[in-house]
Amino acid sequence: MRSWRKSTILLVAIFAVLAAFLAWRFVRPMNIFVVSEAFERPIDTTGTSPALGTLRAAECGTCHQDAYQDWKTTVHARAWTDPYYRVDWEFDGRQQICDNCHIPLDRQQQSRVLGFRDRDKLEPILAPNPDFDPALQQEGVTCAGCHLRDGRILGPTGSQNAPHPVEKFSDPNETCVRCHVVQGKRWDTFYRMPPCGTIAEIEVGRGRLQGSSGEYAVRDQAELGCVQCHMPEAEHSQANLGGTRVARRHTWRGGHDPATVRAALTASLSHFIGAGGSGTAELVLTNTGAAHFLPTGTPDRHLTVRLQALDAGGRVVSESAATLERTIMWRPFIVDLWDTRLSYRDPRRFALDLPAGTRTIQAQVHYHLLGESRRKRIGYEPATPISYLVFDERRNVTPEQRPASP
């Protein structure tokens, strides 16, 4: 009897500890990625050549006018001021680690990082920054954020004759990796691709990354294709030299640009009408333009697909809908549940039964930058739409249509 009581007490104690642990996991501050050495601190601007002045984009633009004009139109230029980011950053407690990508230069941050109170490096020790430049802060991911490393300016071609010396990138994709490869491998995370880390998706699409948790170490930056896709080549005026040369545009168009998403998506709508007047419609979507998943970025981004059959009076007689998204369980542990987004060159089919009397079929695909539940949770009230149409086709159906095969 005494042994039974001891066993019962032990089991109760174990369950109590387990329950307390799980309860803590539901309320604790949630760390969704690992702070790697690559971006644990802002970019050091000490030792920078006086020829670079304040590092503000307009100064760079006096020589690099085409790149400057491109940059002003980008989300990178609004990385700090973007209304959604500001609301999200406030909601998540103004984490300093976010600053290291959204305002990556030390001069852009009001505080200096002296060290860390915790092993995860999410609780930095801060002090006032005497070199803080409020105007430079507003520029978000500015020119020096990508081109300045260890006091040196890096570029696609090296030059010792420029007003400031330029060293050549080992590969231009190297600058993308600092913020777009985010580590996630730790004991309590079970997803392969943390938010902001799109590089692993390229490896998944090539069949190279399977079954592991967390982001991977970049094997070959030259193969990534970030610059080749998001910075197309164009004629640029040469800095202080006259004439033009072929250089890459500093546009970085992506999910915020409907034209870029439409160009990456191939859609085909077809239908078949049988002898009885009923039939089927099929929409085929293929990600033909993005080596990573479509959509990518934060897990809130998703596609919605809607197929409708309408009768002669324009009434909907049949419809179907689907959401292409990444679904993650965040608590008590971070786990990838399922992912229905479009992987590279993998066609996805959506079918709709067409009742007899169908006269029109319509297919629509919308791109959503943010989930509605997330928008409400953080209290974001967008001034511009957070979704847009990327495919819309209507097709008339007549009983005389009899294709040889569906």
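Modeller: Strand S3 (residues 148-149) and strand S4 (residues 152-155) run antiparallel and are joined by two bridges. This is a predicted model, in which local features need pLDDT of at least 70 and side-chain atom pairs count only at pLDDT 80 or more, while totals for chains, interfaces and linings use all residues. Residues are numbered from 1 along each chain as its sequence is written, and side-chain values use heavy atoms, with hydrogens and water left out.

A strand here is a DSSP run of E with at least two residues, numbered from the N terminus. Two strands pair if DSSP finds at least two bridges between them. Leucine 148 has isoleucine 153 in S4 as its bridge partner. The hairpin of S3 and S4 has two residues between the strands, and aspartate 150 takes a positive phi near 55° there.

S4 is also joined to strand S5 (residues 166-168), by three bridges, and these two strands run parallel. Glycine 155 has lysine 168 in S5 as its bridge partner.

Now the cores. A nonpolar core is a set of buried Ala, Val, Leu, Ile, Met, Phe, Trp, Tyr and Cys residues joined through side-chain atoms within 4.5 Å; buried means under 20% relative accessible area, with a 1.4 Å probe and protein chains only. The largest has 26 residues, and Leu283, Leu285, Val365 and Tyr367 have the most contacts inside it. Apart from that core lies another, of nine residues, including Ile153, Leu52, Leu55 and Ala144.

Note on methods:
Buried < 20%, exposed > 50% of the residue type's maximum accessible area, 1.4 Å probe, protein only. Helix = DSSP H or I, 4+ residues; strand = E, 2+ residues; numbered from the N terminus.
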